[in-house]
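Please examine the sequence and the structure shown here before reading the briefing.

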Amino acid sequence: MADLMTQPLLGRIDLAGGLVDLATYEANGGYQAARQAILRSSPEAVQEIVKDANLRGRGGAGFPTGVKWGFVPKEPTPGHIYLVCNADEMEPGTFKDRYLMEYDPHSLIEGMLIGAFAIGADRAYVFMRGEYHEAFTQLDRAINDAKAKGYLGEKVFGSDFGVELSIHRSGGRYICGEETALLNALEGKRAQPRMKPPFPPASGAWGRPTIVNNVETFCNVPGILSNGVDWYRDLGIGDDAGTKIYGVSGRVKKPGLWELPIGTPIREIIEQHAGGMQDGYQLRGILPGGASTEFLIPEEHMDLPMDYASIQAAGSRMGTGTMILMDDSICPVAISINLQHFFAQESCGFCTPCREGLPWIENMLIDIEQGRGQAEDLDVLDRNSAFIGAPGNTFCLHATGAMEPMLSALKYFRDDFVAHIEQGRCPHRAGGGES
Amino acid sequence: MSDQIQLVEVLSAEEIDLIEAEVAHIPDRQSAAIEALRIVQDKRGWVSDESLRAIATQLEMSIEALDSIATFYNLIFRQPVGRHVIMLCDSVSCFVMGSEQVRDKVCEHLGIGLGETTADGKYTLLPIVCLGACDRAPVMTVGDKLVTHLSQDSIGEALDGFE
């Protein structure tokens, strides 16, 4: 049975058996945290609570949310302060934010309301993927319902605090997920990343202080305020606090999403919650948190806790916490082509190593897959992947993210790459050669 | 001047109202560029050169600047599309679950390749990056509708019922 004290993110959806509308949300204590904060607390106190709770960004980078909020200047020059929700979920293999927005949109609105109060924002935007039609419908309706009740707009809950919330529907492109590219897109420009510094809390949207947080991050906030710092910290298994929405896609018996204590071991997520691999398929590789995270392998990493530090210590990143499993029917070179095609296509084109380098890596992989690989190709691939992937060699971290699965595939599945070159064909495809 | 007035008149009163509603909650007119392109595309299916000029005039920006934005974003169509745009996910989770076989079947079923429109103007087929429904892979969208658990056998049924 779902329980909001152990599953503050998805429990309400389970209890409601689907969409949580405003009445259901409020019947389960919804908007009480925001009401208490805005009427009885202060922005500084709310920032402190979120900082003490050790909530870390759930979009992939894991930056402490309360610390980020604290970067907004205490005495800003007159003008808007912006709060932006990054709902541009486009990390391949990630499907958690869509679920939250489609089924529990008010928890996002309440989290943003609290966030806006904490940083003094008077304008808030949800930057949403253009392809998320149902999530837009549900969130748009929820915003209107909240406005009608006086929870958004001027004088929220009858206080002096006010914030306008609207949705920007993206025109596309993965690079919009990069915080500063997102701000350019919000401003109606091409989504190219900006030079940092200045960082968005100092100079973000339209040159004003701006905080950008992920959907799941915001959804954590109301529970922290309602139930307290100790409760939140105790939810996690290891050093990290709270719960995490984990997901598994690939050839498992029960692909899906589960809200579990952060730090739940990979094995438990795959074997217990996802039901293990489908009959006839062996697990070979795990992308733990989306396409831009390094492969992990079942021989070494199944018992790792899915938390920020443990996955990083193993050479990867927890990322979005939604795993993609590669089974033994999948050719590691072919999956690398798929991944590199994505990153090459989604490069914004601004800087040369990314714009030219990523397609070059993809083409080299296609040659290897189609039997045209040469003995020295792997050395060239190693060297160039390391070069393109080194932070600082490109303007933003897009290419760095692209090379995470590439370098780890070359490390863990090297025998497969070698076999392609030696045999002059793909050993995984009957007949070989044709991609 | 008369030229300019005429160009704005390409947009309907409804489109202008919707664009102005977007302009109202942002600091400058040009910041509504993407919304304005989407508004017009929603009404007309795509953004023609004529529409582009009219939007640029409406937003008080150059046609070239607006086109550089329009062509950056993959959900803005600068060419005519069919009545239903099919977006077939080609990202990694769908790939693992057999999206290449599904893609081949869709192409065969419609008799077109990726990026093409059927002769009757009914469907345009495009590849798309991860649609965020990876637990139900392989997936595609047909217009606003998400279609999940695709297989080679389910394509015909999935595309039934669209006019």
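Predicted model: local features only at pLDDT ≥ 70, side-chain atom pairs only at ≥ 80, totals over all residues.

Residues are numbered from 1 along each chain as its sequence is written, and chains are lettered from A and ligands numbered from 1 in the order in which they are written.

**Contact between the chains**
- Chain A gives 41 residues to the contact and chain B gives 33 (two residues are in contact if their C-beta atoms, placed from the backbone, lie within 7 Å).
- On chain B, at least two residues each come from α3 (33-44), α5 (63-70) and α6 (92-96) (helices, H or I, of at least four residues and strands, E, of at least two are DSSP runs, numbered from the N terminus).

**Helix α7 of chain B**
- The buried residues of α7(B) are B:Ser99, B:Val102, B:Arg103, B:Val106 and B:Leu110 (buried means 20 or more other C-beta atoms within 10 Å of a residue's own, exposed 12 or fewer, partly exposed in between, with C-beta atoms placed from the backbone).
- These residues line one face of the helix, because they fall within an arc of 100 degrees seen down its axis (the arc is that of the directions from the helix axis to the C-beta atoms).
- The face turned away from the buried side carries the exposed residues B:Asp104 and B:Glu108.
- Packing partners of the buried residues are β1 (84-89), α6, β2 (123-128) and α8 (155-158) of chain B.

**Strand β7 of chain A**
- Strand β7 (residues 283-287) is largely enclosed by the rest of the structure, because 5 of its 5 residues are buried.
- β7(A) pairs with β8 (residues 322-327) of chain A in the antiparallel sense over 4 bridges (two strands pair if DSSP finds at least two bridges between them).
- A:Leu287 stands opposite A:Ile324 in β8(A).
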